Amino acid sequence: QLNDKNLVFQEAKNDTANFKVASLKKYVVKLDSLQLKQVQSYLKKLIGSDFDSTKKTMIHLYRKNGKKINEDASYDKYWSWIQTNSKKYQAFLIGNQYSAVKENKENHILYDSENFFETIFFNKSVFEINHILIKPSGDIYVFYGRDEILYVLDSAVD
């Protein structure tokens, strides 16, 4: 029997039916050293000199350029926590290839023109927003469909 506390539900529909999709709220993936190097290399290319591979990295992925990414970019409580813990954590809001997100590095908003994270972690996700926490050890926490980035942060911090 599934435990509803570990699942997130979202309505979905296709041409013939409406249905609910259930996904785990969080799961952990362990990358080997080569995979971790590839992910970190891509982050360095995408983010530039602001990326620090010794920190835990929160990535929030958006499939649409809507008001949500701008709200999250100005979410004072979230960014205050990231700033207070900046020796251990860094965070970025990233639009995927199809989102039409406008890059604004001052607000931590980036554009993934190669769809790297979408392809590797979220190619089967039906959600508009997904999240990952990348640890320097190679552990990756994957979160599906949470709209609240502070909730994701609380669930990722250990």
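Helices (H or I, at least four residues) and strands (E, at least two) are DSSP runs, numbered from the N terminus. This is a predicted model, where local features need pLDDT of at least 70, side-chain atom pairs count only at pLDDT 80 or more, and totals for chains, interfaces and linings use all residues. Residues are numbered from 1 along each chain as its sequence is written, and side-chain values use heavy atoms, with hydrogens and water left out.

Let's start with strand β4, residues 56-62. Seven of its seven residues are buried (under 20% relative accessible area, with a 1.4 Å probe and protein chains only). Lys56, Met58, His60 and Tyr62 sit on one side of β4, with Thr57, Ile59 and Leu61 on the other.

Now for the largest pocket, at about 310 Å³. A pocket is an open set of points on a 1 Å grid over the protein atoms alone, where a 1.4 Å probe fits, with protein on both sides within 12 Å along at least five of seven lines; lining residues have an atom within 4 Å of a point.

The lining takes in 17 residues, and Ile82, Gln90, Ala91, Phe92 and His108 lie nearest the centre. Both α3 (76-84) and β5 (89-95) supply at least two lining residues each, and β5 gives the most, with four.

Key. Grid points are joined across faces, edges and corners, and a volume is the space filled by probe spheres set on the points. Buried means under 20% relative accessible area, exposed over 50%, partly exposed in between (1.4 Å probe, protein chains only).
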